[in-house]
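I opened my notebook to write down, entry by entry, what I looked up in this structure.

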Amino acid sequence: MEITCKNCQQHYTGNYCNNCGQPADTHKINAHYLWHDIQHSLLHFDAGIPYSIKQLFTRPGHSIREFIEGKRVRHFKPLSLVTVLAAFYGFLYHYYHLNLFKVNEADLNLNDFNEWNATHFAWTTIATIPLYTIGTYIVFRKQGYNFFELFVLNTFKASQRLFAQILIFPLLLYFNGTPHMQQILNLMYIIGVILIFWTNIQFFNKMSKTKAFLLSIVSHFIFLVCFLIVMTIVLVMTGRL
């Protein structure tokens with residue numbers, strides 16, 4: 001039976017494309033796929049980081065949609081990518097002793113929280129992805145993607161923001177410990193939001209750009225509410241609030 005490759009459109013027979021090597025069975029993205037990706041991210045590393053990063057900053061929504069639809073050969077695995085970038089950023093954060101939290105005499109325990117955040121940055125970054133996905137799923141649930149596919153979307157978006165933060169890191173280092181630090185953090189947040197909206201507008205291309213933009217605002221608001229709830233619970237349970 002002749003098969004059309006989802007990656008390069010080559011016509012072939014067998015289990016693998018004879019042009020690019022992609023498997024014939026790309027599998028639907030679901031819980032099993034994500035579990036396999038987690039195992040793969042801990043045991044293997046491919047050579048697709050430069051390609052994936054380039055795609056995330058040239059045609060992010062289109063490339064992520066194509067990945068979900070089966071065009072995956074050249075991409076780095078999404079959870080692997082976010083883990084590598086978050087670990088690298090966390091290393092910089094810890095090594096250069098960045099302090100992203102304003103500390104005063106009445107709130108000295110934030111120093112400990114800042115150090116904990118530096119040493120667990122990869123895990124805290126991954127932990128926010130389901131919160132982003134909740135907002136995306138609620139708002140864009142009629143677009144035909146399941147929760148796990150939208151989780152992949154938000155995983156790639158997390159990698160996109162992390163790489164932008166790595167590029168901005170020299171500014172963080174330069175202004176570390178100064179009154180201007182908050183301005184740099186605000187700049188990082190604005191850049192992150194712009195990247196999220198840009199990616200969503202490209203990814204959800206079956207609706208108008210205006211509608212995708214407005215729904216992205218709602219989705220991000222839901223994320224902020226979820227994040228504040230989770231952070232409040234964590235701070236109360238750890239005695240820091």
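This is a predicted model: local features need pLDDT of at least 70, side-chain atom pairs count only at pLDDT 80 or more; totals for chains, interfaces and linings use all residues.

Entry 1, the second largest cavity. I looked up the lining of the second largest cavity by class, and I noted three nonpolar, two polar and two charged residues. The residues that line the second largest cavity are R65, Q143, Y145, F203, F204, N205 and K206, and the space inside comes to about 30 Å³.

Entry 2, the largest cavity. I then asked how many cavities of 30 Å³ or more a search of the whole structure finds. The search finds two, and the largest cavity holds about 40 Å³ of space. I wrote down its lining as Y132, T136, N154, K157, I196, N200, S219 and H220. Helix 6 (121–140), helix 7 (147–174), helix 8 (181–203) and helix 9 (209–237) are the elements that each give two or more residues to this lining. When I sorted the lining residues of the largest cavity by class, I had two nonpolar, five polar and one charged.

Next I asked how the axes of helix 2 (residues 49–56) and helix 4 (residues 78–95) cross. The two axes come within 11 Å and cross at roughly 90°. Since angles of 65 to 115 degrees count as roughly perpendicular, helix 2 and helix 4 are therefore roughly perpendicular to each other. From helix 2, the residues I49, S52, I53 and L56 meet L81, V84 and L85 of helix 4. By class, this contact has six nonpolar residues, one polar residue and no charged residues.

I looked up "transmembrane region" in UniProt, where an unreviewed entry lists residues 79–98, 118–140, 183–201 and 213–237. Over residues 183–201 the chain is 100% helix and 0% strand, and here the end C-alpha atoms are 27 Å apart.

Last, I looked up Q9, which sits in the loop between strand 1 (3–4) and strand 2 (11–12). I noted that Q9 has a positive phi of about 70°, although Q9 is not a glycine.

Key. Residues are numbered from 1 along each chain as its sequence is written. Side-chain values use heavy atoms; hydrogens and water are left out. UniProt positions are given in the numbering used here, feature names are shortened, and annotations may be inferred rather than shown by experiment. Helices (H or I, at least four residues) and strands (E, at least two) are DSSP runs, numbered from the N terminus. Axes are lines fitted to C-alpha atoms, for helices over the stretch in contact, and angles run from 0 to 180 degrees between N-to-C directions. Angles under 35 degrees count as roughly parallel, over 145 as roughly antiparallel, 65 to 115 as roughly perpendicular and the rest as oblique. Contact means heavy atoms within 4.5 Å. Ala, Val, Leu, Ile, Met, Phe, Trp, Tyr, Cys and Pro count as nonpolar, Asp, Glu, Lys and Arg as charged, and the others, Gly among them, as polar. On a 1 Å grid over the protein atoms alone, a cavity is a set of points where a 1.4 Å probe fits but cannot get out, and a pocket is an open set with protein on both sides within 12 Å along at least five of seven lines; lining residues have an atom within 4 Å of a point. Grid points are joined across faces, edges and corners, and a volume is the space filled by probe spheres set on the points.
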